[in-house]
Amino acid sequence: MSCQTWKRFFRFQSLRRAPSTREVSRAQFCSAGEGGRNTTSAEKGGTVSGQTVVSARRGAVVTVAINRPEVRNAVNRETAARLLDELSAFDRDPQLSVAILHGNGGNFCAGYDLKELANHTASVKLEQDVTKGPGPMGPSRLQLSKPLIAAVSGYAVAGGLELALLADLRVLEESAIMGVFCRRFGVPLIDGGTVRLPHLIGLSRAMDLILTGRPIGAQEALAFGLANRVVPDGQALQAAMELAEQISSFPQQCMRADRSSALHSVYAAASLSAAMQYEAQQGAPVLRAEAVAGATSFTCGVGRGGRFT
């Protein structure tokens with residue numbers, strides 16, 4: 001790990017010691033209740049001033065931004081509820097193909113707001129059945145049917161790291177920092193961190209991060225496979241948008257079937273043969289719906305020589 005990465009880590013710690021700051025963690029998600037679901041900004045078609053989560057559409061892509069820059073985008077109960085609403089709305093919307101999750105103001109997400117956890121003892125309660133309620137960070141228990149990209153700038157730590165792990169792909173800026181910073185405060189990973197991280201980077205590397213809570217910079221994250229792309233500072237969102245638009249340009253039924261099969265093989269399949277069976281079942285309808293037309297276009301010269309245009 002570079003000296004610069006450690007310096008940023010200790011600077012982060014010193015800033016977070018002040019009683020007025022928000023810390024890296026998570027707490028109980030509080031839903032709006034029956035009939036209380038907020039209209040998402042994605043459904044309204046753009047951002048709304050003053051909201052803790054804002055979104056905007058561009059073609060088949062929607063961006064969802066955590067909008068609490070004054071606390072490094074730490075998530076409170078309201079923010080968790082809105083993140084769940086926005087990403088659920090994305091998954092339901094047939095006009096949208098890819099979502100991008102990012103943070104406004106230079107940081108992705110510093111985890112759950114520990115000040116709220118400290119001041120609201122009821123927030124310690126957690127829905128134990130993961131099939132019946134959302135995670136403390138909001139959307140962490142969702143099983144999205146379409147791709148999600150995390151555009152990471154600044155800190156993506158503790159619960160913020162877990163939100164980044166929810167994504168299919170992570171685009172990191174050069175100065176981005178990831179880590180299980182909640183290790184210092186006895187706050188467990190309960191938004192999928194201990195489940196997704198070992199699958200993404202292997203158990204040994206995951207244990208390194210989980211047990212030590214140390215910071216990891218963008219280049220080390222890339223070497224680990226935690227980051228998929230590293231871009232200059234200030235360019236993560238644009239790079240993620242270009243990636244999302246490329247993905248949304250492909251035949252969608254085929255792309256989603258292959259994505260679903262890959263996830264099933266890692267998290268749900270009981271055996272190799274079961275995984276192969278699922279792959280065949282997912283792929284068969286695509287042969288009729290998209291593959292024949294695609295093969296015909298290829299015979300006409302489209303995509304020859306590995307071209308994507």
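1. Two strands are taken to pair if DSSP finds at least two bridges between them, and helices (H or I, at least four residues) and strands (E, at least two) are DSSP runs, numbered from the N terminus. By that criterion β6 pairs with strand β9 (residues 229–231) in the parallel sense, over three bridges, and within this pairing glutamate 173 stands opposite valine 231 of β9.

2. On provenance, this is a predicted model, in which local features need pLDDT of at least 70 and side-chain atom pairs count only at pLDDT 80 or more, while totals for chains, interfaces and linings use all residues. Residues are numbered from 1 along each chain as its sequence is written, and side-chain values use heavy atoms, with hydrogens and water left out.

3. Strand β6 also has a partner in strand β4 (residues 148–152), to which it is joined in parallel by four bridges; arginine 170 in β6 is the bridge partner of alanine 150. Because four of the five residues of β6 (residues 169–173) are buried, this strand is largely enclosed by the rest of the structure; here buried means under 20% relative accessible area, exposed over 50%, and partly exposed in between (1.4 Å probe, protein chains only).

4. A mixed, open sheet is formed by three strands in the order β5-β7-β8, with β5 (155–157) and β8 (216–217) as the edge strands, each pairing on one side only. Between β5 and strand β7 (residues 177–179) the pairing is parallel and extends over three bridges, with isoleucine 177 in β7 as the bridge partner of tyrosine 155. Helix α5 (residues 159–166) packs on this sheet and touches β5 and β7, its direction making about 90 degrees with that of β5; contact means heavy atoms within 4.5 Å, and axes are lines fitted to C-alpha atoms, for helices over the stretch in contact, with angles running from 0 to 180 degrees between N-to-C directions.

5. Turning to the side chains of helix α10, tyrosine 267 is located in that helix, and this residue counts as partly exposed because its relative accessibility is 39%.

6. For the chain as a whole, the secondary structure comes to 11 helices and nine strands, and buried residues make up 47% of the 309 residues. Of the contacts with a separation of 6 or more, 73% are accounted for by residues 24 or more positions apart.
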